[in-house]
Structures are given as structure tokens and as C-alpha cells.
Amino acid sequence: MKIIRAKDYNDMSRKAANIISAQVIMKPNAVLGLATGGTPVGTYRQLIDWYNKDDIDFSEVTTINLDEYRGLSGDHPQSYLYFMHKNFFDHVNVPEDHIHIPNGADPDAGRACAAYEEIIRAAGGIDLQLLGIGTDGHIGFNEPGQAFELGTHCVDLTESTILSNQRFFADGEEVPRQAYTIGIKTIMQARKVLMVANGSNKAEIIRRAFFGPVTPEVPASILQMHPDFTLVGDSDALALI
Ligand code: F6R
């Protein structure tokens, strides 16, 4: 486990983007595992900036996103595919047919998850998986208490996740109660894992996840066992370690 201390959010984003950029330069047809959420947005912004300056080329890259709400199609403004287009794909040259995210529009969970595992397998596995971390230690939608050995699967969202997501949905609109997510096993099979974390609200979970016991109660703690795991955190997120 390697921990890189960044001064602030911008510095964290630049350092993470540097690692992703190095991966793409060393292997232009790299398979990148990508995440949504607030933390990686600055990383995507930095990569877009370098793309615009001709410093990085995504034309051979394949992307595999972590998760998607079950019941939302990619054109729904709250879908993770929509988020990824707005924050990254619409601004760089990843070919449309190289972009992958679980198919939230498929109501058949078994079929949707098996199809996604097959996509990852056919791509040759994930070279670099970018992750954020939830304040309860979740990675992807792998919530505390789930088995480490799962591949892509359907999860019931916790009541607190549903409540906190409510604000993003229109009045009266149902917040999805389930999601399809890559499992811990799939994440652990990535050849390189890169986590970004910022803000003081992440400090306690960073301490528990990487300086406490490895336990399914803190899903991210399993990353202590990954042979090539890098955490890039700002000074607030790393304040307790
Ligand atoms: C994103 C994801 C989540 C987030 C986590 C942190 O695809 O699966 O695990 O990485 O909830 O979110 P932020 O970055 O908003 O704090």
C-alpha cells in the first residue's frame, strides 16, 4: 500500500490524474475502471485538460465503470452513465463502443451482472481501477457486511443511501432501491487500484480502513491486501494517519 499526501483537492486530483495518465502512456489500450461521486470529478477535469493540450490520448482505452442504479437507463439525468458523459466522456476521445457501465435498464439482475462480468473478462481484466470511498467504508456499492468474494451483483441500497440520494431526484420521483455493482472480488482482481479521498469527513474511515483490521464491516479494508494499491488523499482526509 502506497499513500500519497496531497495538499488540497486540486493537488489530489492532479496527482491521481498523473497516475492514470502514466498508465495510458505506458499502455495506450489500457482498461480503466472508473468511478462516479464527487471525489474523482477534479481528476477527470485534469485529464480533460491534458487531452485538450494533446498530452493524452484515449482512442484505444476501454472503460469499465463501477456501478449503476437498477431501473435507470443511461439517459436519465441521475444515472451514472449520464454523470460520466457529463464529467468525462463527452470531453475526451474514448470511443463510444469502448465505454461500459452495468446496464441499469435490464430488470433481469442475473443477466445484467453476468453480462458485465463477461465484458470485464473479454476486455482482459482491469488494468487500473479508480475508486472513491464512502464514509462507511463502501467501495463501489459494496456496503459493510457483504462478502468479499462477490463479482458483479445486485445490491439493496441502505436506507441512508436512499435518503441521501433523494435530493438529486425530482419531487415525487422514486429513488432506485437497488444497484448493480462490481464486487470486491472484481476490484481485487484489478492489476492496480487507485483511491482518491478528500475532506475531513473521510479522515476517520481512512484511518479505520487502512490502519485497522481487514474486515467485511469496512469493505475498503481489503485493499490492504492488494499488491498494487495507491491512496491519494488531501491533508484533511489523511489527518488521522
Ligand atoms: C462511485 C461509487 C461510490 C463512491 C463513494 C464516494 O461510483 O461507487 O463508492 O466512490 O460513495 O463518493 P464521493 O466521492 O461522492 O464522496
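**Briefing: paired strands and a charged surface patch**

In this predicted model, strand E9 (residues 192–197) is joined to E10 by five bridges, and the two strands pair in the parallel sense. Within that pairing, methionine 195 of the model stands opposite leucine 231 in E10.

- Strand E10 covers residues 229–234, and because six of its six residues are buried, it is largely enclosed by the rest of the structure.
- Cover is found on both faces of E10, with Phe229, Leu231 and Gly233 buried on one side, and Thr230, Val232 and Asp234 buried on the other.
- Strand E1 (residues 2–6) also runs parallel to E10, the two being joined by five bridges, and arginine 5 has glycine 233 as its bridge partner in E10.

**Negative patch at the surface**

- Asp54, Asp55, Asp57 and Glu60 gather on the surface in a patch of negative charge.
- Of these residues, glutamate 60 lies in the loop between helix H2 (41–52) and strand E3 (62–65), and with a relative accessible area of 44% glutamate 60 is partly exposed, because that class lies between the cut-offs of under 20% for buried and over 50% for exposed.

Key
Residues are numbered from 1 along each chain as its sequence is written. This is a predicted model: local features need pLDDT of at least 70, side-chain atom pairs count only at pLDDT 80 or more; totals for chains, interfaces and linings use all residues. Side-chain values use heavy atoms; hydrogens and water are left out. Patches are made of residues with over 30% relative accessible area and no salt bridge: like charges are joined within 9 Å, nonpolar side chains (Val, Leu, Ile, Met, Phe, Trp, Tyr) within 5 Å. Accessible areas come from the Shrake-Rupley method with a 1.4 Å probe; for residues, only the protein chains shown count as cover. A salt bridge is a side-chain nitrogen of Lys or Arg within 4 Å of a carboxyl oxygen of Asp or Glu. Lys and Arg count as positive and Asp and Glu as negative; His and the chain ends are not counted. The place of a charge is taken as NZ of Lys, CZ of Arg, CG of Asp or CD of Glu. Helices (H or I, at least four residues) and strands (E, at least two) are DSSP runs, numbered from the N terminus. Buried means under 20% relative accessible area, exposed over 50%, partly exposed in between (1.4 Å probe, protein chains only). Two strands pair if DSSP finds at least two bridges between them.
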